[in-house]
Amino acid sequence: MPVTVVRFNLVEPGATSASLSARYRAALEMAAYADARGITTVQTEEHHGVANNWLPSPFAFAGAVFGATRRIAVTVSAVIGPLHDPLRLAEDIAVLDLLSGGRLVTVAGIGYRPEEYALFDVEWKRRGKIQDEVLETLLKAWSGEEFDYRGRTVRVTPRPFTDPHPLLLVGGSSEAAARRAARLGLPFFPSAHLPELEAYYKERLVEYGTEGWTMMPAAETPLLHIAEDPDEVWDRHGEHFLHEARTYASWQSGDIRSAVRSAATTVDELRAEGVYRVLTPGQCVELGLDNLVLHPLAGGMPVEEGWRSLRLFTERVVPELGG
């Protein structure tokens, strides 16, 4: 059975407080609907100070999803570790792990937007060292034992539900990220299909004498929208996909590698490129992918169109996936 993911980042350019509140509440209703119909995962993410209202608080959103669901996992991909107080982050993840019965998956990255570091007055050039401290602190904190932290003895409670600790992966597209994961014995989540980086990570596991595994994105990981008439959706709503793709691309420097990076500058280019795909239910089944990522509210997509996509996915695609 393929992994089925519904992605939410709650982008809405030009939103009013009322429209954004409606979008957040719709996302929770969608999560509950997806949970009841066997969807595997809700995926969310973290970005700050973005004019189009990109979600800045993924753990608050995850908590709301857990309150509305019973089985579905929530993956935060990724939390920007250096922007968080390590002790408070350990507490927040522990509480969510307890609340959900172990359904939270956290991917820790260091981000790629200096302006986010400036917003929180965190030194951009020290982000790697800060991330090391964050991850080391999380692992110590979740033991429930006292440990030395910045020259004082501390203890974090409560302990998480998951033993020995909540699922924590190190994300990134650099050798530094792979080394960090291997040194700490944490699983590695490359930000794109990067077999050479996975090989490097495995070499470092041997070097450090640690154990770990890789959650590798597939070579093809399109963001999906399901429709009876894809041409109509591209004509009416293609601007929403393009807005999100252009926003995301504007943050990516040349050395950043991402599974969903787009070079398109027009709706037609975006459609031809294939990062975002609008498919009929039959076309989606025929893709034969092991990981299907539905993005029903992409780029400010009208909520009613997002619901159409989600319903078609759960009613016409998921039953055909062999589960």
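Which helix gives the most to the negative patch? In this predicted model, local features need pLDDT of at least 70 and side-chain atom pairs count only at pLDDT 80 or more, while totals for chains, interfaces and linings use all residues. Residues are numbered from 1 along each chain as its sequence is written, and side-chain values use heavy atoms, with hydrogens and water left out.

The protein chain contains eleven helices and eleven strands (DSSP runs numbered from the N terminus; helices are H or I with at least four residues, strands E with at least two). Of its 323 residues, 53% are buried (under 20% relative accessible area, with exposed over 50% and partly exposed in between; 1.4 Å probe, protein chains only). The radius of gyration of the protein chain is 20 Å, in agreement with the value near 20 Å for a compact globule of 323 residues (taken over C-alpha atoms; the rule is 2.2 Å times the number of residues to the power 0.38).

The main contributor to the negative patch is helix α9 (residues 267–273), with three residues. The patch comprises Asp229, Asp235, Asp268, Glu269 and Glu273 (residues with over 30% relative accessible area and no salt bridge, like charges being joined within 9 Å; a salt bridge is a side-chain nitrogen of Lys or Arg within 4 Å of a carboxyl oxygen of Asp or Glu). Glu269, located in helix α9, is partly exposed because its relative accessibility is 38%.

Ala298 occupies the loop between β11 (291–294) and α11 (303–317). Ala298 counts as buried because its relative accessibility is 0%. Ala298 and Glu239 are separated by 59 residues in sequence and by 10 Å in space, C-alpha to C-alpha.

Note on methods. Patch = residues over 30% accessible without salt bridge, like charges linked within 9 Å, V, L, I, M, F, W, Y side chains within 5 Å. Areas by Shrake-Rupley, 256 points an atom, 1.4 Å probe, with all protein chains shown as cover. Lys, Arg positive; Asp, Glu negative; His and termini not counted. Charge placed at Lys NZ, Arg CZ, Asp CG, Glu CD.
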